[in-house]
Structures are given as C-alpha cells and as structure tokens.
Amino acid sequence: YKYGEQKWERCTKGGATLAEVPLRMEGAHPIIYWGNGHNKVFENRGGYGHACGAGKPEKADGDLAGWNVKNPSNELADDPGRVIILRPLPVDLDAVGYDHSSGRREALADHYAPWIYRLSSLELAREGKIDDAKTLGLDRYLYVDVEVADVGGEGDSYCTPIVRGGFKLRAITTAGTAISSPQITKAYAGGGHRDWKRVAIALPAGVHAADITGFVFDAYDKDGIYVTGLGDAFVPRAVGDNGATLDYVRRGVATFTDYIDDDRSTCAAGKITYEGTDYRCMGGQVQLVGR
C-alpha cells in the first residue's frame, strides 16, 4: 500500500487505486485482509477463495470458516474472531541504524517484530521443509551483519557445481571450534562499496548465542575483499505460543579498515588505498571483534 498515492497491490488487478477498488480505512490507515497461504491480500474476507487473475481459486489452506464458507457477511461488525487486520504504522529508521547501515533492512524485523522469525520457522515446518540438514529450525541459525566491499567470485556450494572466490564468516565458540557460513560470492553480497550483508551461520545442535566468542573473516581464492564493519549478531529463540526473542552475541557497529587477501602483491608498505581510504593488508583472513 502506498500512502499519498493511495494505491495498493491487489491480486486480481495488480496496482489498483482506491477509486477502482475501495479499501476500508481506519483513520489514515487501510484495513487489508490476509486471506491465504501465499501472502495474497483482499479488501474484505469475501476475497478468499476467488480466482486471483487467471489462476485457480486461491485456497492454499482449504476452506476457511468465516471467509468463503459460513461467512455471515463481510461487514466490519462480523470481523472479530475471524481475521487479523493489518494496521501499517510509521517506524523510526534511525532506531535500526539506517544513518550508518543503509543496506541492513532486516534490522526492521529485529527491532520491531522479532516474531517474524518464529512465523517463518513455523511456516517452513508446516510445509515440511525443515529437514535438519539444509534447512534447520528457528534457534539453529546465527545471523551476523558484516559490511564488505569488492566481493568477487561466482556460484555457491548448494546450487552450482563450482564455487570460486568470495568469503566465509566463521563463528568461534568458547571451545575454540570454528563454525563456517556458506561461501558468499558476488551475486549474494551485492555490489558497490560498504554494502551490508546478513550472513546466516547454521549452528550444530546445542550451540547457543552464549557459546560464541568471536568471528573470523576468510577471503577465498585470492579474492581481495574490504571489510569495513561488523554489526549485530544474534540467534532467534521461541518465546510463548507465537513470539520470539533475539539472543545477541553482539550489538552495534564495529568499524574496520581491513583488506583481506592471500595475495599481498597489490599492497605497498602493508596497506592499499581504495576510494580514498587506506586499508590494512591482513592476509587471507582476519579475526573480528567478538562481544
């Protein structure tokens, strides 16, 4: 939904204005109904079960009582107990560090709605996709924000037969064990200078946030990479029936001017200059701060 223009993405029409497809409003906020398992939204409960564009009727979760069956009416008075009404509200981007971490959009969920991690995990479980091999449960992932530049390489270790270059981020435990992230290459790290990348590190069963003491950044195949920051690091954990909390390993932004490369031939007197900034040549890997 777009404020000002007052347009919204409707499954049966694409972008629609309120004159074309009116929405109920709560003051300045639209009342939008989420009606199935594919993130489709409707202007009332009567939209559920209807064809979305040229496709079949949208009933990913079957019939829903109070929606397409046993629906007394689509009036607001009959909504309680049958629907969650979304009320979009402005949020403070400064609170999630957009002044210095403009690419870290996931921080919106961290700060305002950590329950989204729980919801995502429950949906994966409902679809039978958590296999405890390549897809794990909620509390088996350590998320780490790292700011990097000039990441190269190609491919990845799961979807392509060959992976070259890029980097791995390793979490170091109190027992001295290194737990590696996937190998992150150019296509997955974004382009440009000082881009934030959220890295997910799969944790062995029984390893928690309190067991992590630091991180090691490792550049692969002589792929020179600039490391400029380490941000939040946390493990989501379920709370109550539907909620979640984030167990932090560290918070805030630690800044670096490190150049990670096995090949130091481009360095002079232990440093290299990139976009007007001098970076220390650190070899193939560097240990980043922990807590």
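Author: Residues are numbered from 1 along each chain as its sequence is written, and side-chain values use heavy atoms, leaving out hydrogens and water. Because the model is predicted, local features need pLDDT of at least 70 and side-chain atom pairs count only at pLDDT 80 or more, while totals for chains, interfaces and linings use all residues.

Reader: Why is the pair C267 and C281 called a disulfide?

Author: A disulfide is a pair of cysteine sulfur atoms within 2.5 Å. The sulfur atoms of C267 and C281 are 1.9 Å apart, so the pair meets that cut-off. A search of the whole structure finds 1 disulfide.

Reader: What parts does the pair C267 and C281 tie together?

Author: C267 sits in the loop between β14 (254–260) and β15 (271–274), and C281 in strand β16 (residues 277–281), so the bond joins parts 14 residues apart in sequence. Strands (E, at least two residues) and helices (H or I, at least four) are DSSP runs, numbered from the N terminus.

Reader: What makes this disulfide left-handed?

Author: The torsion about the S-S bond of C267 and C281 is about -95°, so the disulfide is left-handed.

Reader: How do you know whether C267 is buried or exposed?

Author: Buried means under 20% relative accessible area, exposed over 50%, and partly exposed in between (1.4 Å probe, protein chains only). C267 has 19%, so it counts as buried. C281, at 10%, is buried too. C159, with 67%, is exposed.

Reader: Why is the contact of D110 with R198 called a salt bridge?

Author: The term asks for a side-chain nitrogen of Lys or Arg within 4 Å of a carboxyl oxygen of Asp or Glu. Here the closest N and O atoms are 2.7 Å apart, so the pair qualifies. By this rule the count comes to 11 salt bridges.

Reader: Where do D110 and R198 lie in the chain?

Author: D110 is in helix α1 (residues 107–112) and R198 in strand β10 (residues 195–202), 88 residues apart. D110 is buried at 7%, and R198 is buried at 13%.

Reader: What makes D258 and R280 a salt bridge, and how accessible is D258?

Author: Their closest N and O atoms are 2.7 Å apart, which falls within the cut-off for a salt bridge. D258 is in strand β14 and R280 in strand β16, 22 residues apart. D258, at 1%, counts as buried, whereas R280, at 45%, is partly exposed.
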